[in-house]
Every structure is written in structure tokens, then in C-alpha cells.
Amino acid sequence: MEIISYLQVLAGFVLLFFSGNWLVRGGVEISRHFRVSPLVAGLTVVAFGTSAPELFVSVEAVFTDAPDISIGNIVGSNIANIALILGSVAIIFPISVRQPSLLFDWLVMMLAFFLLFLFLDNGLLQRGEGFVFFLLIVVYLLWSVINSRRKSARNEEVFPEPAMKLPVAVLIIVLSVTGLYFGAEWLVTGASHLAIGWGVSERVVGVSVVAFGTSVPELATSLAAALKKEMDISVGNIIGSNIFNIFSILGITAILKPLEVSPRIVTFDFWWMTGIGILLMLFMIPLRKGLITRFKGAVLLLVYIFYIWFLFNT
């Protein structure tokens, strides 16, 4: 049984990596067809695709009476997206920050963090609060696309011609998201069996193993974007995924079934997520010509390693 779990983990990693690579290609082509910037593509199409595993895992967890895995997966994924994923990518490819508009998206991400804390104050995420989250993600998406098209028209921005037809790009995204789903399922199933076999609690499994597994698409996508010099997608994908994780994933999950939350997630994991989010902004300043250097990437990665160590030793 343990060998099967290891094979599931390996197969999950491989499928997630290649699916993430193709998702970037499809997302860039979609952005060219609709004349929106690669940053918006990263914040919308690509972010939603890489957040799909979180959605499937969270819904499955809440309906199998494992709410700590459901919400722990989201909080842990947000921590991993910034500290582990962006930190690792920056160590390999220093990430230039050229979009002042990232400030708005970062503020939306921090608003999502604040609202999550506010809603979880009573230890329960209710359906009404889930609807609020879902409404906010709809407004955010509409604003992102409309604002990008307005700026492009005002600046008379010239977009590269698409390299593939729109139906082909859409098909690639659909197939990539499908690959992400199965890859995440194999990885999470295998890793969860291994972790639970070691006697780890549900919450710890959710914010570490499961969160890491569902964050692998972000790693694959951000790394693939960096290799293609699409740095705006690399950063935008991380911030967009964190916004999606709370507004969309937790919103949909809470609408389907209210979530009871472990107090430890609110008093411990949430503050790590918030602190790392603030650290990201400090590392991106100035937003017009900032650079997330290898040193900054190493700091983010060390913060994540310390968080995981603290998680398993307290």
C-alpha cells in the first residue's frame, strides 16, 4: 500500500508539472485573443485553472466531514504559493516587478485575508459569507478585464498575434485543468495516506501535505512562465490564486456546506499567511522597477521551511 502511495505522489507531480506548462501557453493565447495583458491572464484564467485542485479537494473534504483539511488546504496553499512557490522561482529566475497595478491586486488579496479572519471569528464559515466571497470574485474578475482593456485602448497597446486559434487555446486550457485535477488527486491521495500513516493530525495534513500538493500547479505554472519570460504571469498567478482560493474556492465550498474551523487555524496559520503576504509587498517595492532577487527568494523559502518545522513540532 505504501508503494502505491509513493507512485501516486510521483505520477501526480509529473502530471501537474506538464499540465501547468500547457496552462501557461493556453492562458497567454487567450489573453492575446481578447487583447488583455498577460498580467490579467495570470490573475484570471491561469489563476483559476491552478486553483481548480483546491476547489476539488476542499469540496471533497467538507463532504467527508474533514473541514480542517478543507480550510487548512486553502490557508496552507496561500502560504505555500508566496513563500514556497514564489521563493523557489525567484531563486532560479529573479522576478522583475513592472506593474504598479499589482498594488491593487495585492490589496484585494489582503482584503480577502481580512474578511476570512472576520468571518471565522465565530469558528464557522456560513453560507451567507460564502455568497459574499463569491460575489466579490465576480466583481474582481469583471474589474480586472474591463480595466485592462481600457488601459490597452488608451495606450494603443500592440498585442502579439495569437499563435493558435481560440478554440484550440480553450481546448488546451480545458485539458490542462483536467490534468491538474487528476494530478492533484493522485498527489493528495498518496501524500495524505503517507502522512496519516505517520500519525499527523487533520489540520497539519491540510496546511502542509495537502496544501503543498494543490500548490504544485502554481509552482509548475510560475516556473513555466518564468522560463518563457512571462514574469507578469508568474507574479500575477500567485496573487490571483490566493484571491481565488479564498473568494472563489472557500466561497463555493461554504455555499455548498457551512465550514466549521479549528481555532488553531485562526490563531496560528492565519497570521503566518498574513505576515507572508505583507512580506511579499515589501519585497516587490518599488512596483515600477522592483526585483524579487535570489536573496529575497531564499528568505521566502526559509520562512516556509521554518513554518513547516514549527507546524510539526508544536
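Visitor: Why is G206 called buried?
Guide: The term buried stands for a relative accessible area under 20%, exposed for over 50%, and partly exposed for what lies in between (1.4 Å probe, protein chains only). G206 has a relative accessibility of 0%, so G206 counts as buried. The model is predicted, so local features need pLDDT of at least 70 and side-chain atom pairs count only at pLDDT 80 or more, while totals for chains, interfaces and linings use all residues. Residues are numbered from 1 along each chain as its sequence is written, and side-chain values use heavy atoms, with hydrogens and water left out.

Visitor: Where does G206 lie, and what is it in contact with?
Guide: G206 has its place in helix α7; helices are DSSP runs of H or I with at least four residues, strands are runs of E with at least two, and both are numbered from the N terminus. Contact requires heavy atoms within 4.5 Å. Neighbours within four places in sequence aside, G206 is in contact with I69, G72, N73 and A211. Between the C-alpha atoms of G206 and G251, 45 residues apart in sequence, the distance is 18 Å.

Visitor: What makes the pair of D269 and R203 a salt bridge?
Guide: A salt bridge needs a side-chain nitrogen of Lys or Arg within 4 Å of a carboxyl oxygen of Asp or Glu. For D269 and R203 the N to O distance is 2.9 Å, and their side chains therefore meet in a salt bridge. D269 belongs to helix α9 (residues 263–284) and R203 to helix α7 (residues 202–227), so the pair ties together parts that are 66 residues apart in sequence. The structure holds one salt bridge.

Visitor: How do you know whether D269 and R203 are buried or exposed?
Guide: D269 has a relative accessible area of 0% and is therefore buried. R203, at 11% relative accessibility, also counts as buried.

Visitor: Which residues form one aromatic cluster with F306 and W309?
Guide: The cluster is formed by F268, W272, Y304, F306, Y307, W309 and F310.

Visitor: What makes R264 lie over the face of F268?
Guide: The rule asks for NZ of Lys or CZ of Arg within 6 Å of the ring centre and within 35 degrees of the ring normal. R264 is 4.4 Å from the ring centre of F268 and is placed over its face.

Visitor: Which residues does S176 contact, apart from neighbours within four places in sequence?
Guide: S176 is in contact with S19, W22 and L23. S176 lies in helix α6 (residues 166–197) and, at 3% relative accessibility, counts as buried. L23 lies in helix α1 and is buried, because its relative accessible area is 0%.

Visitor: Why is G197 called exposed?
Guide: The relative accessible area of G197 is 62%, so G197 is exposed. G197 is found in helix α6, and its C-alpha atom is separated by 20 Å from that of E60, 137 residues apart along the chain.

Technical notes. Phe/Tyr/Trp six-rings, centres within 6.5 Å; stacked < 30°, edge-to-face > 60°.
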